[in-house]
Amino acid sequence: MSDWTWVVPLPVVIPLFSAGLTLALWRRPRVQPIVSVTALVLVLLSSVTLLVLADDGPLVVDVGGWAAPVGINLVADRLSALMLSVSSAVTLCVLLYSLAQGRDDDEESAPVSIYHPTFLVLAAGVANAFLSGDLFNIYVGFEILLAASFVLITLGGTRDRIRAGTIYIVVALLSSVLFLVAIAAVYATTGTVNLAQLALRLPEIDPGTRLTLQVLLLLAFAVKAAVFPLSAWLPDSYPTAPAPVTAVFAGLLTKVGVYAIIRTQTLLFPGGELDDVLMWAALATMLVGILGAVAQDDIKRLLSFTLVSHIGFMLFGIALSSQAGWTAAIYYVVHHITVQTALFLVVGLVERVGGSTSLTRLGGLAKVAPVLAILFFVPAMNLGGIPPLSGFLGKLGLLQAGVDAGTPLAYILVVGSVVTSLLTLYALVKAWNKAFWQTPQDEPRPVHLPFGMVGPTAALIAVGLGLTFAAGPLYAYTERAASALTLRTTYVWAVLPDGLRGEGESADLSEDDQTPPPPADEAGDDS
Amino acid sequence: MIDMAPNLTLVVAIAVLFAAGVYLVLERSLSRVLIGVILLGNGANLLFLVAGGRAGRPPIVGLEDERQMSDPLPQAMVLTAIVITLGMTAFLLAMAYRSWQLHRHDEVQDDVEDRRIARLAAIDERAFTDADTEATLQSLDEEAEEARDEVDDGLVREARPDDEQRDKEVAP
């Protein structure tokens, strides 16, 4: 099995290399797409390979051959591999969609030469954040994807994009500073930033200090994941970007934050001290998000609010701190990445046909573009949680896990999530009715929808439907992923086989004093 | 044992940087926010130096006694963080300039939605309009261009001559 570890860095290395290549080829707009599509297909293939391989146990690469706690390591366990596979499938679909959009019109939304390198860097950053086995490297992954997202969200530098981008960028930078402070505090306390070593050392430190570290890390990730009350930036900044960009942001960026929360809550802080706080945050995220969505009359903003709201479902699963809760949360993340991206891509098509995303102006699209009506309807029902679609299965899993937990707070959350599902359904049905059935103010002119745009959207919706048909094996897989998260030892021993050093080159341990650095509460003692 | 007693000068410097940074980030002008972000970033970088323990000899194996060395790992992390902050600063600076090019000011504007709801509440209207109510025919993007709160003094936008004209066009 160890022969296959060379696959692990590929999802990071291939897009970064191709980003450089596409940047060098900026004068050749015909070659650029070939390079980026090839790169993302390769990433998808290697991610799926990892998905299969990681089922037998985590794959670990000590980058540069330096042993784990000293060097940086990449770890592909079931959770990482699953997130990676879904995200690379989604990125590929969005890239194909944006290529077709670029071919079809030369508006400001069309990909300019900087689009391809940036998009690839974004893919690399996402992959790095998923694979990294080191807290500081997760930070670097975040920064890579944020830098790319800054460029993408202000693409073209128009007025409203600069306005929306300002808020997005300042909030993102502040959360990065918070993350950096958290890392510094973690290092000062434990003397390491390696996740596996932290999992060994954190239980030994003072509980108060540990709680502070947990709060700092959770705050930093909650801003990224758009958890209420740290979510206000999202609905204001996402809708102005070009449709494919919004789609990929909505699908992936918040989920990277959710992934980071899952990782820290399961591996680093398994005690579940903050679960009650997270539960309340989840409830507030669900309700505030969906009430915001109900009040909107712009589809893009409406979907941004549902995005915030459904982050609450994942947080609910995480906060249950049970294997069933984590299983359902991971399944829900997979479902939500595909369905939310698909919806934003469809809205891009709606904007094309109807010339607007305002529900006031749209209307009568069912007559003009019946295919579009179906394309919107299926993921909308999926998000609302209509059986037998994957949204229903994910929510059912969460509700079951909540009832199993049996605490009063869990029951409140169960009720809250049912209410949120119903309101989601209401908001989306209202949007569908208005966009497709309402008598239009001015008769929409028939617009040709390029197959290149409809194709990837339909493919993504098909993937979403596939999650229903493959629900058995997939749910079993997420269950195994969750059980590995519960055990923790699988991850730790894969990275540090002898509990001290990973495989690779490092100074002989006997030279060092093997005592770990002192906990913070003894910090004053001089040697 | 590693000496972890923090250097008081560094701690005071960090506190000052963070305080000034937070104050500046709360400002309206993007250039001040930018300076605030830089100060916060530098505060976080200094925090890493504290995290590394007491300053020591250069960490070069073979030249120095290992017990006298300072911890190289936080310094490596700080270098990475400095480079990242530099890149982000450059981007933010470019964006502040672009904002100035477009608007002749670099103020961070309000959330359009907040302003719209506040305005509707002030004149007691529905939260959204659709075909049943009267359409204003103004999309959020268009409003975003107009939104600059320090110019407006009241919540209710002054009726402009073209508003009436627009309403006439809408009326069947």
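User: Which residue in β2(A) does Val60(A) stand opposite?

Analyst: In this predicted model, strand β1 (residues 59-62) of chain A pairs with β2(A) in the antiparallel sense, over 4 bridges. Within this pair, the residue in β2(A) that stands opposite Val60(A) is Val75(A).

User: Which residue of strand β2 points the same way as Val75(A), and are the residues there buried or exposed?

Analyst: In a regular strand the side chains alternate between the two faces of the sheet. In strand β2 (residues 73-76) of chain A, Leu74(A) and Ala76(A) point one way, and all the residues named for this strand are buried. Val75(A) points the other way, together with a buried residue, Asn73(A).

User: How far apart are the end C-alpha atoms of residues 132-420 of chain A?

Analyst: UniProt, in an unreviewed entry, lists these residues of chain A as "domain: NADH:quinone oxidoreductase/Mrp antiporter transmembrane". The span is 80% helix and 0% strand. Its end C-alpha atoms are separated by 34 Å.

User: How many helices does chain B have?

Analyst: Along the sequence, chain B reads α-α-α-α-α-α. It has 0 strands, and its number of helices is 6.

User: What length does helix α3 of chain B reach from its first C-alpha to its last?

Analyst: Helix α3 (residues 72-103) of chain B has 32 residues. At 1.5 Å a residue, a span of 46 Å is expected. The model comes close to this value, with a reach of 46 Å.

User: Which helix of chain B do the buried residues of α3(B) pack against?

Analyst: The buried residues of α3(B) include Met77(B), Ala81(B), Ile84(B) and Met88(B). An α-helix has 3.6 residues a turn, so residues three or four places apart point the same way. The buried residues of α3(B) pack against α5 (135-153) and α6 (159-190) of chain A and, in chain B, against α2 (30-51).

User: Which helix of chain B has the lowest mean pLDDT?

Analyst: Chain B has a mean pLDDT of 75, with 68% of its residues at 70 or more. Over residues 150-172 of chain B, pLDDT stays under 50, and the model has 12 contacts beyond four places in sequence for them. Among the elements of chain B, helix α1 (residues 8-25) has the highest mean, 92, and the lowest, 46, belongs to helix α6 (residues 161-170).

User: What ipTM does the predictor give the complex?

Analyst: The predictor gives the complex two scores, a pTM of 0.85 and an ipTM of 0.82.

How values were computed:
Residues numbered from 1 in each chain as written. Chains lettered and ligands numbered in written order. Buried ≥ 20, exposed ≤ 12 C-beta atoms within 10 Å, placed from the backbone. Helix = DSSP H or I, 4+ residues; strand = E, 2+ residues; numbered from the N terminus. Pairing = 2+ DSSP bridges. UniProt positions renumbered as here; feature names shortened; annotations may be inferred. pLDDT = per-residue confidence, 0-100. Contact = placed C-beta atoms within 7 Å. Expected span 1.5 Å × (residues − 1).
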